[in-house]
Amino acid sequence: METKNKKMRMMTLDQMKDQDIGEIGTADRDKYEFDLRMELLGEMIKSVRKERKLTQEQLGQLIGVQKSQISKLERNTKNVTIETILKVFRALKANVKFSVEMNESEFQVA
């Protein structure tokens, strides 16, 4: 069997995302990046909770919610308020920093 030497094209992760999901600034790419950040936030909550040697039930008691809500929060942070996230991290004695980026587009008040 004859083999053909094909050169594999190397791509960075960002190039692959641009090609498969869309370039930065497109709706699909923005949704992907948002979903990824929310998934990472849930993982951070779980990681810090375990580091503090707390069960989901114990963390829930600290902030006044049921164990099931902590479980849901760790799996999916898309439908949670910033206030709840701050309560969780305060209970875990962890610092939270948010950053806000301003778009360069023109801003007008009607």
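## A tour of salt bridges and a surface patch

Start by selecting Arg29, which is buried, with a relative accessible area of 2%. Buried means under 20% relative accessible area, exposed means over 50%, and partly exposed lies in between (1.4 Å probe, protein chains only). The model is predicted, so local features need pLDDT of at least 70 and side-chain atom pairs count only at pLDDT 80 or more, while totals for chains, interfaces and linings use all residues. Residues are numbered from 1 along each chain as its sequence is written, and side-chain values use heavy atoms, with hydrogens and water left out.

A salt bridge here is a side-chain nitrogen of Lys or Arg within 4 Å of a carboxyl oxygen of Asp or Glu. Helices are DSSP runs (H or I, at least four residues), numbered from the N terminus. Asp18 is partly exposed, at 31% relative accessible area.

Next, select Lys17 and Glu33. Their closest N and O atoms are 3.8 Å apart, and they form a salt bridge. Lys17 lies in helix α1 (residues 13-20) and Glu33 in helix α2, so the pair ties together parts that are 16 residues apart in sequence. Lys17 counts as buried at 12% relative accessibility, and Glu33 counts as buried at 17%. Now show Lys17, Asp18, Arg29 and Glu33 together: a network of salt bridges links them.

Move on to Arg49 and Glu74. Their salt bridge has its closest N and O atoms 2.5 Å apart. Because Arg49 lies in helix α2 and Glu74 in helix α4 (residues 67-75), the pair ties together parts that are 25 residues apart in sequence. Both Arg49 and Glu74 are buried. In total, the structure holds five salt bridges.

Select Tyr32, Leu36, Leu40 and Met44, which make a nonpolar surface patch of about 340 Å². Patches consist of residues with over 30% relative accessible area and no salt bridge; like charges are joined within 9 Å, and nonpolar side chains (Val, Leu, Ile, Met, Phe, Trp, Tyr) within 5 Å. Accessible areas come from the Shrake-Rupley method with a 1.4 Å probe, and for residues only the protein chains shown count as cover. Finish on Leu40, found in helix α2 (residues 27-51). Leu40 is partly exposed, with a relative accessible area of 47%.

Terms used: Helices (H or I, at least four residues) and strands (E, at least two) are DSSP runs, numbered from the N terminus.
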